Amino acid sequence: MSFAFCFLLISTPDEVKDHALPVFILFIFLGNLGLFYSLLTNPFYVVGARASIYFDDEYGGNPHVFARNGFFGVIGSAILLFLTKENVLYKLLALVNFFASLVTVILTQSRSTLLAVLLSLGVLIFFHFKLSNLKRITSTLFKPRNFIIMLIVVYYVIYKISRMDFINLLITISETFFQKFLDIFETSVQGADADDVADYSALQRVISFNTFKNALFYNPISLILGNGYRAIYMDFPILESMYNYGLAGIYFFGKSVIEIVKECYKSIRFVISPFSTFLGFVFIPITVSVFSQGQPNDTTFIYPFLLMARFMNFEKDVAESKPVPKAQTLAPVA
């Protein structure tokens with residue numbers, strides 16, 4: 001599937017970047033609606049539980065998939081609203097999808113995704129917030145037709161919120177988030193010798209770090225050549241790339257991340273192509289994952305690396321954005 005994905009990326013023309021972002025936002029919005037529909041029609045779902053599509057009466061799927069979909073929706077919609085000049089229908093779709101995606105992130109209760117949303121919005125505001133953009137969006141939304149549509153959407157959202165205790169829901173989720181961070185901190189401090197483990201996910205990373213540390217001090221030769229393909233699952237990709245694949249593994253994996261981060265920074269800082277800027281923000285939670293979850297040779301990294309390699313080229317975007325000067329004709333010498 002990775003080779004097929006790579007082939008499709010190579011076959012895709014460059015012009016797709018000009019139209020991809022609104023299409024992405026449309027599909028993200030449909031994904032959010034699918035999640036909401038699943039929750040509304042599931043009698044076993046309790047408000048406050050982590051939201052995901054339930055495949056049977058009791059057990060749900062992976063909430064992180066929808067949390068990332070919500071993250072992409074928040075960032076893509078913000079870029080479409082503030083940094084592009086799309087038509088009014090796209091702007092309205094982006095506005096509705098922005099709030100729908102934000103609700104998705106809250107309902108899925110993914111701490112890493114929520115932090116990525118806050119970090120990305122902070123970066124977007126820091127680099128690109130202008131009062132003129134806010135005035136332009138406000139004037140567009142308060143046109144009679146757009147204002148009526150917005151009122152209908154706002155009324156529906158308020159009606160749904162009034163049907164449940166939304167404030168207490170936010171307080172409960174906030175307390176859960178805070179308690180989880182305390183559990184992670186407690187587990188990290190106590191280590192693997194704790195009598196009562198507060199967070200098993202954090203414990204896995206503590207064990208992984210200790211394994212790497214023991215290899216570094218007592219068997220450094222193994223880190224030069226590596227211990228073999230998927231010798232151990234560490235849930236700490238940057239360390240696992242060296243532990244399993246040696247210096248070559250950490251060089252290629254780390255170098256790929258560093259080069260992509262450089263391209264992402266330039267695409268976010270200087271918005272030449274909205275699609276490239278969107279991909280730059282998309283890579284923020286993936287960069288966090290380099291130190292927190294997954295495996296270096298998993299599709300979690302392979303697919304984004306291929307996508308970035310295909311479409312992230314800041315110098316090329318700059319060259320394409322500038323008009324090519326007309327050739328000057330020299331007057332004949334007398």
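This is a predicted model: local features need pLDDT of at least 70, side-chain atom pairs count only at pLDDT 80 or more; totals for chains, interfaces and linings use all residues.
Local features were taken only where pLDDT is at least 70, and side-chain atom pairs only at pLDDT 80 or more, while totals for chains, interfaces and linings use all residues. Residues are numbered from 1 along each chain as its sequence is written, and side-chain values use heavy atoms, with hydrogens and water left out.

The chain comes out as 14 helices and zero strands, where helices (H or I, at least four residues) and strands (E, at least two) are DSSP runs numbered from the N terminus. Of its 334 residues, 39% are buried; buried here means under 20% relative accessible area, exposed means over 50%, and partly exposed is in between (1.4 Å probe, protein chains only).

The largest nonpolar core holds 51 residues. Such a core is a set of buried Ala, Val, Leu, Ile, Met, Phe, Trp, Tyr and Cys residues joined through side-chain atoms within 4.5 Å. Ile 75, Phe 278, Phe 283 and Met 308 touch the most other members.

Buried along H13 are Phe 301, Pro 304, Phe 305, Met 308 and Phe 311. These residues sit on the same side of H13 because they cover an arc of only 150° around the axis, the arc being that of the directions from the helix axis to the C-beta atoms.

Over on helix H2 (residues 20–40) there is Leu 33, which is partly exposed at 38% relative accessibility. Asn 69, in helix H3, counts as buried at 17%. The C-alpha atoms of Asn 69 and Asn 32 are separated by 7.7 Å, with the two residues 37 apart along the chain.

Finally, the loop between H10 and H11 holds Arg 230 and Asp 235. Arg 230 has a positive phi of about 50° although it is not a glycine, and phi of Asp 235 is near 60°, again positive in a residue other than glycine. Arg 230 is partly exposed, at 40% relative accessible area, whereas Asp 235 is buried, at 9%.
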